Every structure is written in C-alpha cells, then in structure tokens.
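This report describes the packing and pairing of the elements in one protein chain. Please consult the sequence and the structure shown below alongside the text.

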Amino acid sequence: MSFDGTPASKLPLLVTAFQYRFGRDLEAMTRHLVNDVAIGWEELGSDLLDGAPPTIVAALTGGDPWPSRTLDNLITPDGSPPARIAVTETTVGGTDVEWGYILRPSGIEVFPTMYAAFGPVVDWDADPLTDFGDPASWPTVTPPRSAAPSADSPVPATPGASRTAVRR
C-alpha cells in the first residue's frame, strides 16, 4: 500500500519496474511489492527504476531520486502490533483507497475504487513515458475477468495476478 497513488504517478513507475528492474518477471515483482512487505508501502520510490535507461529514469524522476519506504513505524491505539492491510474488491469500500492496481499476467489493471469494481488493464509493454494522466492514451489489453474473491481472501481473482492498493 502506498499513500500517493494516481495512475499518472504510479503507472510509469510500475511499468518501468516490470520491464527493467524485474526483467519482466511478474512473480519477482509480486514478491517484492506484495508478498515481502510486512504491512504496506508508505511510498514507492525511484529505486523501482533500477536497470532502466538513464533517459527514462531522468524523465520520470526529474533527476531527483527517492527511496521506497514501507510502513514500519505504525503505532496502534491499543499498543498491539500493526497488522497487514488486506484490500480486496469487497473490502475496499470501507477504506479511503482511491485507486486499485492489480498485477495481472497481461498488464496492470487500474480502477478508481470509488466508482468501479474493475478497470482497464494497461499493457506491460507500455512506453513508461506515456501520458498516464490521460486514461484515453493508455495502451490497454482486455483479459477475461473472473469472479471477485471473497471478503476473506486477498488472493487475486485471476490466476497469476496479484493485487495491491494504493492510497492517495
């Protein structure tokens, strides 16, 4: 989970990370972004651009790198250890998450959580320098959709897909 998350800022980072840092290995990207984080993400940083051509890194960062940061210093009201936040299609309504991103084999599904249960899937082959601020310019693919998971399951709806939510 990250606390800044419009498609204009996150899609270039995620597409570039998939293409370069993770070498198009969706399982490795999923492990890093979803499975290996204890609680969630405070911010996804320019370290996700490792291995990308310098021209792409410069265009996406403006020359100012910043690190990814996880949510590590959380304190709960009762002093208990913080728990991982599992956001699914059925639980997102109780949160203030504005955008949902599901890592699918064909691309990243992007949807505004307050207005849609699903959205377009942006192709992993997208040019990271695409104007992701304009959904009409997104290079999309349309995979078949399967039934939504239960409220108890943060498991993806499509085999091989992984979900992460990003808050703004």
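In this predicted model, Leu-11 is in contact with Tyr-101, Ile-108, Val-110, Val-122, Phe-132 and Trp-138, its neighbours within four places in sequence being left aside.

**The nonpolar core**

Leu-11 also stands out in the largest nonpolar core, which has 26 residues: together with Met-29, Leu-33 and Ile-108, Leu-11 touches the most other members. At least two residues of this core come from each of helix H1 (7–21), helix H2, strand E3 (99–104) and strand E4 (107–112). The largest contribution is that of H1, which gives six residues. In soluble globular proteins, nonpolar side chains tend to be buried together.

**Helix H2**

Helix H2 spans residues 26–35, and its buried residues are Leu-26, Ala-28, Met-29, Thr-30, Leu-33 and Val-34. The N-terminal end of H2 is capped by Asp-25, a side-chain oxygen of which lies 3.1 Å from the backbone nitrogen of Glu-27. Val-34, which has its place in this helix, has a relative accessible area of 11%; because this value is under 20%, Val-34 counts as buried. Between the C-alpha atoms of Val-34 and Leu-103 the separation is 9.7 Å, although the two residues are 69 places apart along the chain.

**Strands E3 and E4**

Strands E3 and E4 form a hairpin, with two residues between them.

**The aromatic pair**

How many aromatic pairs does a search of the whole structure find? The search finds one. The pair consists of Phe-18 and Trp-124, whose ring planes stand at 25°, with 4.0 Å between the ring centres, so the pair is stacked. Phe-18 belongs to helix H1, whereas Trp-124 lies in the loop between strand E5 (121–123) and strand E6 (140–141); the pair therefore ties together parts that are 106 residues apart in sequence. Both Phe-18 and Trp-124 are buried.

**Selected distances**

The distances given above are collected here.

| Pair | Points compared | Distance |
|---|---|---|
| Asp-25 and Glu-27 | side-chain oxygen to backbone nitrogen | 3.1 Å |
| Phe-18 and Trp-124 | ring centres | 4.0 Å |
| Val-34 and Leu-103 | C-alpha atoms | 9.7 Å |

Technical notes: Residues numbered from 1 in each chain as written. Predicted model: local features only at pLDDT ≥ 70, side-chain atom pairs only at ≥ 80, totals over all residues. Heavy atoms only, no water. Buried < 20%, exposed > 50% of the residue type's maximum accessible area, 1.4 Å probe, protein only. Helix = DSSP H or I, 4+ residues; strand = E, 2+ residues; numbered from the N terminus. Polar contact = N/O pair within 3.5 Å; in protein donor to acceptor, adjacent residues only side chain to side chain. Core = buried A, V, L, I, M, F, W, Y, C linked by side-chain atoms within 4.5 Å. Contact = heavy atoms within 4.5 Å. Phe/Tyr/Trp six-rings, centres within 6.5 Å; stacked < 30°, edge-to-face > 60°. Pairing = 2+ DSSP bridges.
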